[in-house]
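Hi,

Here is the structure I promised to pass along. Have a look at it first, and my notes on what turned up follow below.

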Amino acid sequence: MCLEDGRVTPATVCDHVDPKDKLDPELFFTGKKASLCGPHHNSTKQRMEKRGHGIGHDASGLPLDPNHPWNR
């Protein structure tokens, strides 16, 4: 996420890419992970999980994430 913002930041959190993996004892350890900085994990990623879609828009104001309600 930092690279998408044009920054290089050390990762400090191992994030479960699929939040449901945290509920399954097997997938908790073997599921897909991503390395994130603390601020992106604790704010951006959690906001995206709660909303069900990514955050951001293009120059015309349309959402970038195809899962955004405007794109359904």
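Let me start with a question: does Cys37 count as buried or exposed? Cys37 counts as buried, because its relative accessibility is 8% and the cut-off for buried is under 20%. Before you read too much into any of this, bear in mind that the model is predicted.

The search of the whole structure turned up 0 disulfides. Cys14 is in no disulfide, and the nearest cysteine sulfur, 14 Å away, belongs to Cys37. Cys37 isn't in a disulfide either. For Cys37 the nearest cysteine sulfur is that of Cys2, at 3.5 Å. As for accessibility, Cys14 is exposed, at a relative accessible area of 54%, while Cys37 is the buried one I opened with.

Now the overall picture. The chain has 72 residues, and 24% of them count as buried. Its secondary structure comes to 2 helices and 2 strands, and the order from the N terminus is β-α-β-α. If you box in the C-alpha atoms along the principal axes, you get roughly 40 × 30 × 15 Å. On contacts, take those between residues at least 6 apart in sequence: 39% of these join residues at least 24 apart.

Next, the aromatics. How many aromatic pairs does a search of the whole structure find? The count is 1. The two partners are Phe28 and Phe29, with ring centres 5.0 Å apart. Their planes sit at 75°, so the pair is edge-to-face. Phe28 counts as partly exposed at 33% relative accessibility, whereas Phe29 is exposed, with a relative accessible area of 67%.

On to the pockets. The largest pocket holds about 290 Å³ of space. Its lining is made up of Met1, Glu4, Asp5, Leu36, His40, Thr44, Arg47, Met48, Ile55 and Leu64. Which element gives the most to that lining? It is α2, with 4 residues. By class, the lining of the largest pocket splits into 5 nonpolar, 2 polar and 3 charged residues.

The second largest pocket has about 160 Å³ of space. Lining this second pocket are Met1, Asp15, Val17, Ala34, Leu36, Lys45, Met48, Glu49, Gly52, His53 and Gly54. You'll spot Met1, Leu36 and Met48 in both linings. Here β2 (33–36) and α2 each supply at least two residues, and the largest share, 3 residues, comes from α2.

A few single residues are worth a click while you have the model open.

Gly54, one of the residues lining the second largest pocket, sits in the segment after α2 (38–51). Gly54 is buried, with a relative accessible area of 12%. Setting aside neighbours within four places in sequence, Gly54 is in contact with Met48 and Asp65. Gly54 and Thr44 are 10 residues apart along the chain, and their C-alpha atoms are separated by 8.9 Å.

Gly56 is also found in the segment after α2. Is Gly56 buried or partly exposed? With a relative accessible area of 31%, Gly56 is partly exposed. Again leaving out neighbours within four places in sequence, the contacts of Gly56 are Pro63 and Leu64, and Leu64 is one of the residues lining the largest pocket. Asp21 is 35 residues from Gly56 in sequence, and the two are 25 Å apart, C-alpha to C-alpha.

Finally, Pro10. Where does Pro10 lie? You'll find Pro10 in the segment before β1 (13–16). Pro10 counts as exposed, at 63% relative accessibility. Pro10 and Pro25 are 15 residues apart along the chain, with 28 Å between their C-alpha atoms.

That's the lot from me.

Cheers

Note on methods: Residues are numbered from 1 along each chain as its sequence is written. This is a predicted model: local features need pLDDT of at least 70, side-chain atom pairs count only at pLDDT 80 or more; totals for chains, interfaces and linings use all residues. Side-chain values use heavy atoms; hydrogens and water are left out. A disulfide is a pair of cysteine sulfur atoms within 2.5 Å. Buried means under 20% relative accessible area, exposed over 50%, partly exposed in between (1.4 Å probe, protein chains only). Rings of Phe, Tyr and Trp (its six-membered ring) pair if their centres lie within 6.5 Å; planes under 30 degrees apart count as stacked, over 60 as edge-to-face and the rest as tilted. Contact means heavy atoms within 4.5 Å. On a 1 Å grid over the protein atoms alone, a cavity is a set of points where a 1.4 Å probe fits but cannot get out, and a pocket is an open set with protein on both sides within 12 Å along at least five of seven lines; lining residues have an atom within 4 Å of a point. Grid points are joined across faces, edges and corners, and a volume is the space filled by probe spheres set on the points. Ala, Val, Leu, Ile, Met, Phe, Trp, Tyr, Cys and Pro count as nonpolar, Asp, Glu, Lys and Arg as charged, and the others, Gly among them, as polar.
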